[in-house]
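Open your viewer and get ready to click along. At each stop you'll hear what to select and what to look for.

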Amino acid sequence: MRIGILTGGGDCPGLNAVIRAVVRKGEAEHGHEFVGFLHGWRGVMEGETIPLSIDTTRGILARGGTILLSSRTNPYRSEDGPTQVRATLARLGIDALIAIGGEDTLGVARRLGEEGVAVVGVPKTIDNDLSATDVTFGFDTAVQTAVDAIDRLHTTAESHDRVMVVEVMGRHAGWIALHSGMAGGANVVLIPERPFDIDEVVAHLEARHGDGRHSSIVVVAEGATPKEGTLALQAGGVDDFGHARLGGIGNLVTDAIAARTGWDTRATILGHVIRGGTPTAYDRMLATRFGLGAIDAVDDGDFGVMVALRGTDIVRVPLADAVAELKTVPPERYAEAEVFFG
Ligand code: F6P
């Protein structure tokens with residue numbers, strides 16, 4: 001078979017490990033040929049490709065980002081996008097596609113699958129917000145990078161009696177903020193699922209600062225929002241999938257705490273730092289197992305599915321289930337973090 005592979009959406013540690021595993025098993029055990037589409041769905045629309053083989057994918061296991069490059073292009077945004085996709089696949093003689101991405105990339109895969117394209121999905125996002133899999137690769141690396149940063153920020157917070165506000169990624173789901181906040185010993189964690197009241201945040205910090213010291217760590221997800229009518233957020237642009245470009249809540253919270261308390265309060269926006277760099281061992285393993293599972297699905301002719309982690313097993317779920325709803329932080333998980341507020 002001739003199989004195309006693409007990576008879409010934000011880059012993510014472990015993408016190269018998936019590509020390597022797919023190609024290694026597909027070529028060595030089944031004699032398949034591979035074509036890499038560049039820049040996600042854009043490369044499929046425009047026929048932008050590179051050859052992929054065991055030889056060209058050597059040495060990429062530990063490399064962050066994606067050798068296939070990425071974009072947030074949505075073929076369904078233009079009238080002839082899906083036609084262009086089908087034309088490229090026919091012209092290049094592609095029998096099946098493996099799409100590695102988050103809800104947007106896999107949403108496109110689902111629609112194309114329903115329209116007859118042979119496609120298998122692999123879940124990717126540092127945000128860990130895909131509901132059909134227990135975990136997505138990239139999440140462990142992102143959390144570890146954020147925790148490393150928080151550990152370092154504790155030093156300045158303590159030495160200078162400062163409140164350090166740390167903004168981490170997480171547009172719709174607060175998993176990264178929750179896990180890095182709990183593992184990093186944060187004093188308050190703010191997530192998109194739970195609009196916050198800045199006066200309550202200050203009350204937590206005041207309770208903690210009762211001993212005359214003013215050092216605290218506040219972790220805030222980029223998608224966290226203030227309760228209506230409390231703090232005004234500035235709106236940014238939107239991407240091809242209609243998502244707002246975020247960033248700004250960390251500074252807003254910092255200024256609000258400083259204005260209400262007079263404490264020396266500083267913001268650190270971790271941004272893309274937590275999405276970059278080499279994957280942790282956990283993410284390399286998960287990504288590799290997803291890659292092996294994806295090529296097995298193609299080999300079985302089992303299309304319209306996504307590989308997923310359930311417990312310790314790699315299973316297949318319908319792509320439709322994979323993108324049906326986002327996995328957000330449930331109240332009971334947030335309550336576990338609240339034990340440590342203040
Ligand atoms: O892919 C998920 C994500 O990491 C979100 O947490 C974040 O909002 C978004 O990507 C940022 O993407 P971009 O780099 O395209 O601005």
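You're looking at a predicted model, where local features need pLDDT of at least 70 and side-chain atom pairs count only at pLDDT 80 or more, while totals for chains, interfaces and linings use all residues. Residues are numbered from 1 along each chain as its sequence is written, and side-chain values use heavy atoms, with hydrogens and water left out.

**Stop 1: H1 and H9**

Select residues 15–30, which is helix H1, and residues 281–299, which is helix H9. (Helices are DSSP runs of H or I with at least four residues, strands are runs of E with at least two, and both are numbered from the N terminus.) The axes of H1 and H9 come within 7 Å and cross at roughly 40 degrees. Axes here are lines fitted to C-alpha atoms, for helices over the stretch in contact, and angles run from 0 to 180 degrees between N-to-C directions. H1 and H9 are therefore oblique to each other. Their crossing is right-handed, meaning that the near helix is turned clockwise from the far one by less than a right angle. Now show side chains: among the residues that meet are Ala17, Val18 and Ala21 in H1, and Ala287, Gly291 and Leu292 in H9. Contact means heavy atoms within 4.5 Å.

**Stop 2: H5 and H6**

Next, pick H5 (139–160) and H6 (175–183). At what angle do H5 and H6 pack? It's about 45 degrees, with the axes 9 Å apart, and H5 and H6 are therefore oblique to each other. This crossing is right-handed. Phe139, Ala142 and Val143 are among the H5 residues in the contact, and Trp175, Ile176 and His179 are among those of H6.

**Stop 3**

The charged end of Lys327 sits over the ring of Trp175, 6.0 Å from its centre. (To count, NZ of Lys or CZ of Arg must be within 6 Å of the ring centre and within 35 degrees of the ring normal.) Then jump to Arg111, which lies over the face of Tyr76 at 3.8 Å from the ring centre.

**Stop 4: two rings**

The whole structure holds 2 aromatic pairs. Select Tyr334 and Phe341: their ring centres are 5.8 Å apart and their planes at 80 degrees, so the pair is edge-to-face. (Rings of Phe, Tyr and Trp, taking its six-membered ring, pair if their centres lie within 6.5 Å; planes under 30 degrees apart are stacked, over 60 edge-to-face and the rest tilted.) Are Tyr334 and Phe341 buried or exposed? Both are buried. (Buried is under 20% relative accessible area, exposed over 50% and partly exposed in between, with a 1.4 Å probe and protein chains only.)

**Stop 5: positive phi**

Find His39 in the loop between strand S2 (33–37) and helix H2 (41–46). Its phi is positive, about 60 degrees, although His39 is not a glycine. At 16% relative accessibility, His39 counts as buried. Asp161, in the loop between H5 and strand S6 (163–168), has a positive phi near 55 degrees. With 26% relative accessibility, Asp161 counts as partly exposed.

**Last stop: Glu103**

Glu103 lies in helix H4 (103–114) and is partly exposed, at 27% relative accessible area. Leaving out residues up to four places away in sequence, Glu103 touches Leu130, His172, His243, Val323 and Leu326.

Conventions. Angles under 35 degrees count as roughly parallel, over 145 as roughly antiparallel, 65 to 115 as roughly perpendicular and the rest as oblique.
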